[in-house]
Amino acid sequence: MLHTVNTSPYASSALANCLRYSEKNSEILLLEDAVVAGILGGQWVEKLISSGRRIYVLQEDAIARGIEQKIVSQFELIDMEGFVELTARHVTQMKW
């Protein structure tokens, strides 16, 4: 299952709930304000890495916030084409 999170984990509980209720083999895409969860040294990075889920960050949103170079290497930066491929690959999706 693909889970998309678009709100900052510092402003809402969407990412925490996503991690709590999603299955271990799920993939998570951080977009819009949620991309800040991928900043190296941030409090969410370790939680996301240790969750066992594959994490993607929408590159355009990271660039728009000036943090593209600060995203940890364990997360995959994807462009809009990659976003489309992710959604096509997953029949079931959940937006947080």
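Me: A patch is made of residues with over 30% relative accessible area and no salt bridge, where like charges are joined within 9 Å. Which residues gather in a patch of negative charge on the surface?

Reply: The model is predicted. In it, the surface patch of negative charge is formed by Glu60, Asp79, Glu81 and Glu85.

Me: What makes Glu60 partly exposed?

Reply: Its relative accessible area is 34%. Partly exposed lies between the buried limit, under 20%, and the exposed limit, over 50%, so 34% puts Glu60 in the middle class. The value is also over 30%, as a patch requires. Glu60 sits in helix α3, residues 59–64.

Me: Why is Ser22 called buried?

Reply: Ser22 has a relative accessible area of 7%. Buried means under 20%, so the label holds for Ser22. Ser22 is placed in the loop between α1 and β2. From Ser22 to Glu85 the C-alpha distance is 20 Å, and the two are 63 residues apart in sequence.

Me: Why is the contact between Glu27 and Arg89 called a salt bridge?

Reply: The rule asks for a side-chain nitrogen of Lys or Arg within 4 Å of a carboxyl oxygen of Asp or Glu. For Glu27 and Arg89 the N to O distance is 3.0 Å, so the pair qualifies. Glu27 belongs to strand β2 and Arg89 to helix α4 (residues 80–89), so the bridge ties together parts 62 residues apart in sequence. Glu27 is buried at 10% relative accessible area, because buried means under 20%.

Me: How do you know that the side chains of Glu76 and Arg54 meet in a salt bridge?

Reply: The N to O distance between Glu76 and Arg54 is 2.7 Å. The limit is 4 Å, so this pair also passes. It links distant parts of the chain, with Glu76 in strand β4 (residues 76–78) and Arg54 in strand β3, 22 residues apart. Glu76, at 33% relative accessible area, is partly exposed, and Arg54, at 45%, is partly exposed as well.

Me: What makes the pair of Asp61 and Arg65 a salt bridge?

Reply: The N to O distance here is 3.9 Å. That is within 4 Å, so Asp61 and Arg65 count as a salt bridge. Through salt bridges that share partners, Asp33, Asp61 and Arg65 form one network. Asp61 is buried at 15% relative accessibility, while Arg65 is partly exposed at 33%. By this rule there are four salt bridges.

Me: Which residues touch the most other members of the largest nonpolar core?

Reply: The core has 20 residues, and Val5, Leu15, Ile28, Leu30, Leu48, Val57 and Phe75 touch the most other members. At least two core residues come from each of α1 (14–21), β2 (27–30), α2 (45–50) and β3 (54–58). The largest share, four residues, is from α1.

Me: What is the phi of Glu32?

Reply: Glu32 has a positive phi of about 50 degrees, although it is not a glycine. Most residues other than glycine have a negative phi. Glu32 is in the loop between β2 and α2. At 36% relative accessible area Glu32 is partly exposed, because that value falls between 20% and 50%.

Notes. Residues numbered from 1 in each chain as written. Predicted model: local features only at pLDDT ≥ 70, side-chain atom pairs only at ≥ 80, totals over all residues. Heavy atoms only, no water. Patch = residues over 30% accessible without salt bridge, like charges linked within 9 Å, V, L, I, M, F, W, Y side chains within 5 Å. Areas by Shrake-Rupley, 256 points an atom, 1.4 Å probe, with all protein chains shown as cover. Lys, Arg positive; Asp, Glu negative; His and termini not counted. Charge placed at Lys NZ, Arg CZ, Asp CG, Glu CD. Buried < 20%, exposed > 50% of the residue type's maximum accessible area, 1.4 Å probe, protein only. Core = buried A, V, L, I, M, F, W, Y, C linked by side-chain atoms within 4.5 Å.
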